[in-house]
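Below is a short report on one model.

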Amino acid sequence: MKHRVRAALSVAILVALAGCSSGEQAAAPGATPGIDLSAITAPVNRLQAADLDPSVPACRDFNAHVNGKWLAANPVPADRTTWGSFELLGERSLQIQHAIAKAAMTGDAPAGTVERKVGDFFAAGMDEAAIEAAGVAPIAPILAQIDALASGEDIAAFLRQAYAQGRGMLFGFGANADFKNSEMVIAYAGQGGLSLPERAYYLEDREDYQRIRAAFVEHVAKTLELAGVDPESAAAQARQVLAFETRLAQASLPRVELRDPAKRYNPVSLAEADALTPNFSWTAFFDAIGVAQPEMFSLAMPGFFQEINAMLADTPAADWQAYLRFRTIDAAAPYLTSALEAQNFAFYGRTLRGQQQMQERWKRVLNSLNGAMGEALGQLYVQVAFPPESKAKMEKLVGNLSEALRHRLENLEWMGEETKAKALEKWSTFTPKIGYPEQWRDWSGLQVSADSYAGNALAAAAFNYRYMLDKIGKPVDRKEWFMSPQTVNAYYNSTRNEIVFPAAILQPPFFDPEADDALNYGGIGAVIGHEMIHGYDDQGSKFDAAGNFENWWTDEDRAAFESRTAILVEQFNGYEALPGLFVNGRLTLGENIADLGGLTVAYDAMRRAQGEGFVDPMIEGFTQSQRFFMNWATVWRRNFTEAELKVRLNTDSHAPANFRAIGAPSNMPAFAEAFGCESGDPMVREGDARVVIW
Ligand SMILES: [Zn+2]
């Protein structure tokens, strides 16, 4: 379970390969003096022929065939909510990070260095006695301010100040490239402020949501009590918090609508914004956060902000106080007393996601460190754990994938020449980033001490928020990364048309310099293809070669595209994840388009690399095509707790892993051919049911 570091402030537009996981990389033991990697025990996860289950034919259920035995033998550990290929790599990454953090903590790096800051942050986080002794003192001044709020104007002033310090809690506000002018950074405001994962948790009558709402009220009350509120008042405030958040939820858009860039972009002038929310002055807000008043910014979801405006006038100050008090304590709980941290885990970890135990303390502290200064830790990580040869091999793979994609675009049968020329223009502007940033962030403005864990977390939140705000009104910095190198994931960014592969995903089963081509193309090759195809998914395709939100399609071609994607929506709508609970084909459409296109392009690239006269080496009795698809499935082996799966079905734009293992291959004739599947087999989609897009 991740710490609830509320970084809801940024307005992300990038799409990741997988729902939240944390990062990692192959160790080169002893590469850096003082860092002991002998304790790295997490196994390397490679495709093994012995894992296959011959009792389930590949053509019936490919996931069960490749992963069934592994999934049965590797249940979710008590301190996790998911367990699979991503998590195994994440575990290795954490172990390497642990060795780095310990060496930094005990080493004698001088004050001001990245090593010293990493070491001091880790030391403060591990000092449980000091954390216990501090109690809620680190947030006491903020709680005192909240206690003094008496009017809507007081509340607006408090919010302005909280955002200025990187503690925004009511709505999202951050910096991003202007959708209509991708060279420049503007400010974006959008909905936020909910403690539960999605608006449906507040609004729907489902029995499990009712139970979670009741548990949430209990959690709010206990959290307030642990911070010194008397039990009777805490119980009353907890009911106020639920009512307050329910009103925010009613004014919020559902996840599936948020995928549409048009719903996230609404350029307004300051005067227009102030007129929309007369009780919340955006002019005063920009002044307070120290950002020059812009000519325009994006105020998306105007209905949400109108509701906040109304609440500033019609909701009693006491209700606002209850909400702000709870949100402040809840966000800081992971850095405060063991009782507050345990309460936080009991609700967000155990009740909401089915995690039985907290992770060990060092892992929790490293998760916080990643949130606070992930790229600083990454700077140390790549010195230990990223062999330079990996980058050269990846560049070659990206080049081969790119050529295969160009070939497919040129030969698309359903797209007219005019749109195709634009698609190829977009292809020519893809930018890959591999491993780690060529330019590291400057951390010199961040003060870190070995004495106060919460103090460090608050300082880092303010520092990181200021770093983001400082981009507003300036040209886009194309060198910057939005994932740290130790993250096991990858992403596509639509306003930059870039595909990004952090160091930690560049190891087995994704990438293995020792393995045959089939495994690398079925693993990282398909990931590369996946990220490229995001540029052409149902939303990414609304951005042009320059990264601007501009339509480059003829109406006819767009209609042809949508008739194809509609079949993919139906395919995934048909997957039942839990009894009565199905995948949301519309919420997951972008990822499913990327999987299908990415795997198809990767397969083409592998065949092109093999060339004419290729003699199949038949490794362990399997053809290269078979191993290609088997490794794709290996990447998507993953167990979930039932509660985690339920949360994800509502909130994650990625389908559960078992459906990703089978979804794309079942549309590919190459799969049927590789395994000798026949018409009518469950893994063979035919006729109008078969989806071909890219
Ligand atoms: Zn993706």
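Over the face of which residue does Lys391 lie, and at what distance from the ring centre? Lys391 lies over Tyr436, at 5.8 Å from the ring centre. The model is predicted, so every value here is computed from predicted coordinates. The table lists both.

| Lysine | Ring | Distance to ring centre |
|---|---|---|
| Lys391 | Tyr436 | 5.8 Å |

**Zinc site**

Three residues coordinate the zinc ion. His530 and His534 each use NE2, and Glu591 uses OE. The distances run from 2.0 to 2.1 Å. Along the sequence, the donors follow the spacing H-x3-H-x56-E. His530 and Glu591 link distant parts of the chain, 61 residues apart. His530 belongs to helix 21 (residues 517-533), while Glu591 belongs to helix 23 (residues 589-610).

His530 has 1% relative accessibility, so His530 counts as buried. Glu591 has 3%, so Glu591 counts as buried too.

**Aromatic rings**

The structure holds 58 aromatic pairs. One of them joins Trp553 and Phe561, with ring centres 5.0 Å apart. Their planes meet at 45°, so the pair is tilted. Trp553 is buried, with a relative accessible area of 5%. Phe561 is buried as well, at 1%.

Elsewhere, rings gather into an aromatic cluster. Its members include Tyr163, Phe171 and Phe173.

**Helix 1**

Helix 1 covers residues 62-73 and has 12 residues. From first C-alpha to last, helix 1 reaches 17 Å. That is close to the 16 Å expected at 1.5 Å a residue. At the start of helix 1, a side-chain oxygen of Asp61 comes to within 3.1 Å of the backbone nitrogen of Asn63.

Which residues of helix 1 are buried? They are Phe62, Asn63, Ala64, His65, Val66, Asn67, Trp70 and Leu71. What do these buried residues pack against? Their helix partners are helix 2 (85-106), helix 24 (624-635), helix 26 (657-663) and helix 27 (669-675). Strand 2 (82-84) and strand 12 (638-640) are packed against too.

Technical notes:
Residues numbered from 1 in each chain as written. Predicted model: local features only at pLDDT ≥ 70, side-chain atom pairs only at ≥ 80, totals over all residues. Heavy atoms only, no water. Donors = N, O, S within 2.8 Å, 3.2 Å for Na, K, Ca; no water. Helix = DSSP H or I, 4+ residues; strand = E, 2+ residues; numbered from the N terminus. Buried < 20%, exposed > 50% of the residue type's maximum accessible area, 1.4 Å probe, protein only. Phe/Tyr/Trp six-rings, centres within 6.5 Å; stacked < 30°, edge-to-face > 60°. Lys NZ or Arg CZ within 6 Å of the ring centre and 35° of its normal. Expected span 1.5 Å × (residues − 1). Contact = heavy atoms within 4.5 Å. Polar contact = N/O pair within 3.5 Å; in protein donor to acceptor, adjacent residues only side chain to side chain.
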